[in-house]
Amino acid sequence: MSSASENSTEPWFCDACKCGVSPSCELCPNQDGIFKETDAGRWVHIVCALYVPGVAFGDIDKLRPVTLTEMNYSKYGAKECSFCEDTRFARTGVCISCDAGMCRAYFHVTCAQKEGLLSEAAAEEDIADPFFAYCKQHADRLDRKWKRKNYLALQSYCKMSLQEREKQLSPEAQARINARLQQYRAKAELARSTRPQAWVPREKLPRPLTSSASAIRKLMRKAELMGISTDIFPVDNSDTSSSVDGRRKHKQPALTADFVNYYFERNMRMIQIQENMAEQKNIKDKLENEQEKLHVEYNKLCESLEELQNLNGKLRSEGQGIWALLGRITGQKLNVPAILRAPKERKPIVEFVRRTMISTFFCCVTPVSCITILGALILPLHGCQERPKTVTECDQAGSSDMEADMAMETLPDGTKRSRRQIKEPVKFVPQDVPPEPKKIPIRN
């Protein structure tokens, strides 16, 4: 930008010195280098602006002003730099990827510049994007070593020459430089106040606070003044994407769009849960009222059932007395009818199933013993008794039955062979049903 000749003695100043600031780059955490001012009053390295996709320039020839609004703000802090020594600055700014295909290495532009990984196309090559970078694995080893050596030598030369110039300058020359610098700063302040306001999108574009290197430095300085050690706090590298079920994961409080969306979504979900709880409470109250009414009716039915059972017991005892009197009149012992018998206690269904399964197991050990299963009814046949037989008893019974069932059969050719006799099944008589009473002649 200097219009003076090569042999001019007029002092030259960069943009940052003209404005009298020590800027911090918005795209990387490194502070040294040549800066350019953005249209919004921020500062970026010119090398970062050239290599980061999405960064535009108002004047391409002079490379100013720099515009960052066209870049996607989701790139801030999205990737972690693989060359940053301090993990707290690894996710600050914007990282670029290796230009080799399918490579997942990410790094800051200035960090790659220190390692000698930046490259530019030749002047005669007509390429839309002449700036590209490769990681250590895909870059040429000798070329990277040569670029890194030149970078370190240039940094050392700049520092040494600055110190030597400060020593060699006379007080008159230093005063002339300072006066010229003040003039440039006055012009820069006037230009900043009179320039048109930069265009900003209507919708605010928030970005994570941890993606700003200047904010992290200020917070670290505040922690240092307060006597708080920053090494004990872990670095949050959690993914910012939402969960699978659509709900957002828990977000730490921060000035980010994800936390604001999580906050509003949580409040809406809490309102829905409270409304649902009120509705469920009304249903619970109705069911409790119905349950109390059913309890009252149940208690009344239990009392009436107990009265009926007592009445039934009295009538049964009177009927048994009358039946005993009839037996004495006839002079014979009469069978008590089923209606006058005392009711048997009902066995639990679990005990019935258990006994049935045991009987089934022990009676099915031998092939002679058989079990006929009809639905849930199990009918033991061929000598299966009420109590379950043991294996020894079933074997003995099976062997005797086999001997009794085998018989010799004479064939037409005179030979004999054994055959098995098939017996008719024993008629099943349920034990609970009493036998039919004999007809007793009654005298006059």
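## Close-up views of a predicted model

The sulfur of C14 lies 3.5 Å from that of C17, its closest cysteine sulfur, which is too far for a bond. Before the other views, please note that this is a predicted model, with residues numbered from 1 along each chain as its sequence is written. Local features need pLDDT of at least 70 and side-chain atom pairs count only at pLDDT 80 or more, while totals for chains, interfaces and linings use all residues; side-chain values use heavy atoms, leaving out hydrogens and water.

**View 1. Cysteines without disulfides.** The structure holds zero disulfides, a disulfide being a pair of cysteine sulfur atoms within 2.5 Å. C135 is buried, with a relative accessible area of 6%.

**View 2. The largest pocket.** This pocket holds about 2,000 Å³ of space. Of the 50 residues that line it, C14, G33, I34, C158 and R165 are the closest to its centre. On a 1 Å grid over the protein atoms alone, a pocket is an open set of points with protein on both sides within 12 Å along at least five of seven lines, whereas a cavity is a set of points where a 1.4 Å probe fits but cannot get out; lining residues have an atom within 4 Å of a point. Grid points are joined across faces, edges and corners, and a volume is the space filled by probe spheres set on the points. Helix α4 (141-168) is among the elements that each supply at least two residues of the lining, and α4 gives the most, with 13 residues. Helices (H or I, at least four residues) and strands (E, at least two) are DSSP runs, numbered from the N terminus. The pocket lining has 26 nonpolar, 15 polar and nine charged residues. In these classes Ala, Val, Leu, Ile, Met, Phe, Trp, Tyr, Cys and Pro count as nonpolar, Asp, Glu, Lys and Arg as charged, and the others, Gly among them, as polar.

View 3. A search of the whole structure finds one cavity of 30 Å³ or more. The largest cavity has a volume of about 50 Å³. Its lining includes S24, C25, E26, R207 and S214. By class, the lining has three nonpolar, six polar and two charged residues.

View 4. Strands β3 (residues 56-59) and β4 (residues 64-67) pair in the antiparallel sense over three bridges; two strands pair if DSSP finds at least two bridges between them. F57 has V66 in β4 as its bridge partner, and A56 has T67. L63, in the loop between β3 and β4, has a positive phi of about 55 degrees although it is not a glycine. A cis peptide bond, with omega about -10 degrees, joins R64 and P65, and P65 is found in β4.

**View 5. The loop between β5 and β6.** Both A100 and M102 are found in this loop. A100 counts as buried, at 14% relative accessibility, whereas M102 is exposed, with a relative accessible area of 84%. Phi of M102 is near 65 degrees, a positive value in a residue other than glycine. A100 and F132 are 32 residues apart in sequence, and their C-alpha atoms are 9.6 Å apart in space.

**View 6. Helix α7 from end to end.** At 1.5 Å a residue, the 74 residues of α7 (residues 257-330) should span 110 Å, and the end C-alpha atoms are 104 Å apart, which agrees. The expected span of a helix is 1.5 Å times one less than its number of residues. Which residues of α7 are buried? They are F259, Y262, R316, G319 and G327. After α7 comes G331, whose phi is positive, near 80 degrees.

Definitions and conventions: Buried < 20%, exposed > 50% of the residue type's maximum accessible area, 1.4 Å probe, protein only.
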